[in-house]
Amino acid sequence: MALGMTAMATLPARALVEINVNKGNVEPLPIAITDFQGGDALGAQISQIVTADLKRSGLFAPIDKSAFIEKITNPDAAPRFDDWKVINAQAVVTGSVSKEADGRIRAQYRLWDTFAGQQMAGEQFFANDANQRRVAHIIADAIYERLTGEKGYFDTRVVFIDESGAKNARKKRLAIMDQDGANIRYLSDGKAIVLTPRFSPNRQEITYMSYESGQPRVYLLQIETGQRELVGNFPGMTFAPRFSPDGQKVIMSLLRDDGNSNIFAMDLRSRSTTRLTNSTAIDTSPSYSPDGSKVVFTSDRGGRAQIYVMGADGSGQTRISFGDGVYSTPVWSPRGDLIAFTKQSGGEFQIGVMKTDGSGERILSSGFQQEGPTWAPNGRVLMFFRDSAGGPKLVSVDLTGRNEQSIPTANFASDPAWSPLLE
């Protein structure tokens, strides 16, 4: 549900405090996030969610509230900046929450630059009770954007496979949650195995595979309405469908009777299918570049699985990875600058990134068994799943590789896919 939004006055002068996210080594910014006034416990809850979002990004170091000297009583008034300088808070967030006559929540925040002694940003939002957490995520996004110059990613959701039950009889359900693990909702009943959910880049719909008919079939699911349709009933096996950036096509690999796996694109309107690769190898895991002009995929045509890039029409197929090991699940960054991948090398599974020409490969995380990276919509954070202690769990890591976070889920969880920013 869309949230009403109103900007409050901000000063045009360039503030002193900012985070340069393009530096290789970013020191987290000390920030004080005060409890929002009013709204009973809701003000403190919103403050806690904003704090957790910013801390989890790795770019902010929220200061413990026990260190605060000034107790904020009027969130619209300038704080006593000297009190915040003493505890090295380079920015201060104040805010308030109230109930409108029509029952909606009104939440507003102000972001203050302590050392410049001025307000940097301020906005107010209106929402119903069901969207209380969204208000907090949107405020965290606004603070993130004002201090880094880049879009936040907190007002997003993640679709994934929820896994429960004994290992030899695992129940797999399609599930969706907020990016911080809250508000889990199940989208399938677990009667059939479901795999590889992927978000449309411009709608709140997903594509996924289900074995309910005994063969893997590709479905489209409207998340809000639950409306579902069969995309295609292809002979042989289907793997890892993904949307094109405009949401008009689905690209996937199909295993035909000859034993070869090749990459095909399907137009969702006409249902016409175009073959993009024609090799005797296994070509799989295709992912479009954000402008839709190219596709990255893996192929073992060179003897073992490596990463290749081609035009969206299948032209100019070029190998870009040459490292030791076996590469899989390449995914193009929403920023267009990097490709994430899984790599199996030396008995370990690694999550890494490389530039789109294959140069600059960096490993962000290594583990016994981990795979399936998905990008946050701002291209700064990856989520993936790691097998440990009996089953898979979700993990996020930023592009420095230093800020790794576990994502809480009630059961085991695998195969995450990050949504675009919510509308």
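Is E163 buried or exposed? In this predicted model, E163 counts as buried, at 7% relative accessibility.

## The E163 and R170 pair

The side chain of E163 forms a salt bridge with that of R170, with an N to O distance of 3.4 Å. R170 also counts as buried, at 19% relative accessibility. Because the cut-off for buried is under 20% relative accessible area, R170 falls in that class with its 19%.

## The R228 and E212 pair

R228 and E212 meet through their side chains in a salt bridge of 2.8 Å, N to O. This pair links distant parts of the chain, 16 residues apart. R228 lies in strand β13 (residues 228-232), while E212 sits in the loop between β11 (205-210) and β12 (217-222).

R228 counts as partly exposed, at 37% relative accessibility. E212 is likewise partly exposed, with a relative accessible area of 41%.

## The R104 and D102 pair

A salt bridge joins the side chains of R104 and D102, at 2.8 Å from N to O. R104 is partly exposed, its relative accessible area being 34%. D102 is exposed, with a relative accessible area of 52%; the class follows because exposed means over 50%.

## Network and total

Salt bridges also link E150, R335, D337 and R380 in a network. Across the whole structure, a search finds 23 salt bridges. Side chains of opposite charge can pair when their charged atoms come close.

Conventions
Residues are numbered from 1 along each chain as its sequence is written. This is a predicted model: local features need pLDDT of at least 70, side-chain atom pairs count only at pLDDT 80 or more; totals for chains, interfaces and linings use all residues. Side-chain values use heavy atoms; hydrogens and water are left out. A salt bridge is a side-chain nitrogen of Lys or Arg within 4 Å of a carboxyl oxygen of Asp or Glu. Buried means under 20% relative accessible area, exposed over 50%, partly exposed in between (1.4 Å probe, protein chains only). Helices (H or I, at least four residues) and strands (E, at least two) are DSSP runs, numbered from the N terminus.
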